[in-house]
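Q: I would like to learn how to read pockets and helix packing in a protein model. Can we go through one case step by step?

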Amino acid sequence: PGVDYSFSHEKVRQVAYSECGQARRWVLHRRAFGVLEGSGAPPAELARHALAAGLAEPSFGYSLAAGEAAADVFALRDAIVNYERARDLLVAGQQPGGTLKPSDASVERLYNRLGLAYELTDEWEKARVTYETMLAFARDSGSAKVEVIALNHLAVYSFHHKGDIPGAKALLEEAMEVAKEACLTEVLVETACNLAGLMVYRPAETGPSRLLAEEALATARNLKRPDLVAR
């Protein structure tokens with residue numbers, strides 16, 4: 001405590017760092033993390049020190065935040081690197097003996113943002129795998145909201161990238177049932193919007209599509225959700 005280190009050359013610093021041993025490096029990174037966390041340092045820097053210090057929870061949280069910060073300025077490749085680090089930490093933390101217990105909301109954010117980043121960089125197969133992983137997580141954890149969102153993502157993928165209208169419709173109908181059973185009104189309306197839009201492509205279902213859209217519109221107005229009203 002109270003000791004500062006300075007080096008005359010970067011190579012000297014690298015040698016000192018590599019020779020000081022893993023336990024000492026953990027201590028140094030924990031000290032750096034503690035100082036930086038209270039100074040408003042960028043999340044990417046905090047994630048780097050937390051990861052090197054073996055701090056699972058902060059590593060996950062700040063990696064996710066770093067991905068979101070990069071995505072906000074359209075640095076999508078940087079965003080993906082950070083999101084993938086958070087995903088890897090999540091997977092490792094779910095193994096036997098793992099200590100990482102993020103909230104369902106954090107996991108939902110991660111898979112949503114990672115899937116979207118893959119879509120925006122035309123990595124559609126990776127997006128599909130991400131949404132399937134999201135669905136598996138939701139079912140394992142019993143999170144109905146995350147399950148509905150994942151089913152919607154997979155339905156959109158099936159329609160736009162496979163042209164599989166019946167498959168997409170089946171996924172959305174499944175999402176509707178899950179949302180109804182769990183009384184998830186907002187995601188139910190979002191799913192109804194997607195389903196009504198899909199049914200337009202099946203002329204025999206134009207009538208039911210209009211009824212579904214009218215019901216969704218009424219609910220969206222009650223929820224005071226102008227974005228859903230517009231859809």
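Q: What volume does the second largest pocket have?
A: Rolling a probe the size of a water molecule over the atoms shows where empty space is left. This is a predicted model, and in it the second largest pocket has a volume of about 270 Å³.

Q: Which residues lie nearest the centre of the second largest pocket?
A: They are Ile149, Asn152, His153, Glu190 and Asn194, out of 15 residues that line this pocket. The elements giving two or more residues to the lining are α6, α8 (144-162), α10 (185-199) and α12 (226-230).

Q: Which element gives the most to the lining of the second largest pocket?
A: That is α8, with five residues.

Q: How many residues of that lining are nonpolar, polar and charged?
A: The lining has six nonpolar, four polar and five charged residues.

Q: At what angle do the axes of α8 and α10 cross?
A: Two packed helices are described by the angle between their axes and the distance between the axes. For α8 and α10 the angle is roughly 15°, and the axes come within 10 Å. Angles under 35 degrees count as roughly parallel, so α8 and α10 are roughly parallel to each other. Their crossing is left-handed.

Q: Which residues of α8 and α10 meet?
A: On the α8 side they are Lys145, Val148, Ile149, Asn152 and Phe159; on the α10 side they are Val187, Glu190, Thr191, Asn194 and Leu198. By class, this contact has five nonpolar, three polar and two charged residues. Ile149, Asn152, Glu190 and Asn194 are also among the residues nearest the centre of the second largest pocket.

Q: How far apart are the axes of α8 and helix α9?
A: The axes of α8 and α9 (residues 165-181) are 8 Å apart, and the packing angle is about 165°. That makes α8 roughly antiparallel to α9. Here too α8 passes in a left-handed crossing.

Q: Which residues of α8 meet α9?
A: From α8 they include Val148, Leu151, Asn152 and Phe159, and their partners in α9 include Ile165, Leu171, Leu172 and Val178. The contact of α8 with α9 has 13 nonpolar, two polar and two charged residues.

Q: At what angle do α4 and α6 pack?
A: Helix α4 (residues 56-72) and helix α6 (residues 104-120) pack at about 40°, with their axes 11 Å apart. That makes α4 oblique to α6. In the contact, Phe60, Leu64 and Glu68 of α4 meet Ser106, Arg109, Leu110 and Arg113 of α6. Its residues divide into three nonpolar, one polar and three charged.

Technical notes
Residues are numbered from 1 along each chain as its sequence is written. This is a predicted model: local features need pLDDT of at least 70, side-chain atom pairs count only at pLDDT 80 or more; totals for chains, interfaces and linings use all residues. Side-chain values use heavy atoms; hydrogens and water are left out. Axes are lines fitted to C-alpha atoms, for helices over the stretch in contact, and angles run from 0 to 180 degrees between N-to-C directions. Helices (H or I, at least four residues) and strands (E, at least two) are DSSP runs, numbered from the N terminus. Angles under 35 degrees count as roughly parallel, over 145 as roughly antiparallel, 65 to 115 as roughly perpendicular and the rest as oblique. Contact means heavy atoms within 4.5 Å. Ala, Val, Leu, Ile, Met, Phe, Trp, Tyr, Cys and Pro count as nonpolar, Asp, Glu, Lys and Arg as charged, and the others, Gly among them, as polar. On a 1 Å grid over the protein atoms alone, a cavity is a set of points where a 1.4 Å probe fits but cannot get out, and a pocket is an open set with protein on both sides within 12 Å along at least five of seven lines; lining residues have an atom within 4 Å of a point. Grid points are joined across faces, edges and corners, and a volume is the space filled by probe spheres set on the points. A crossing is left-handed if the near helix is turned anticlockwise from the far one by less than a right angle, and right-handed if clockwise.
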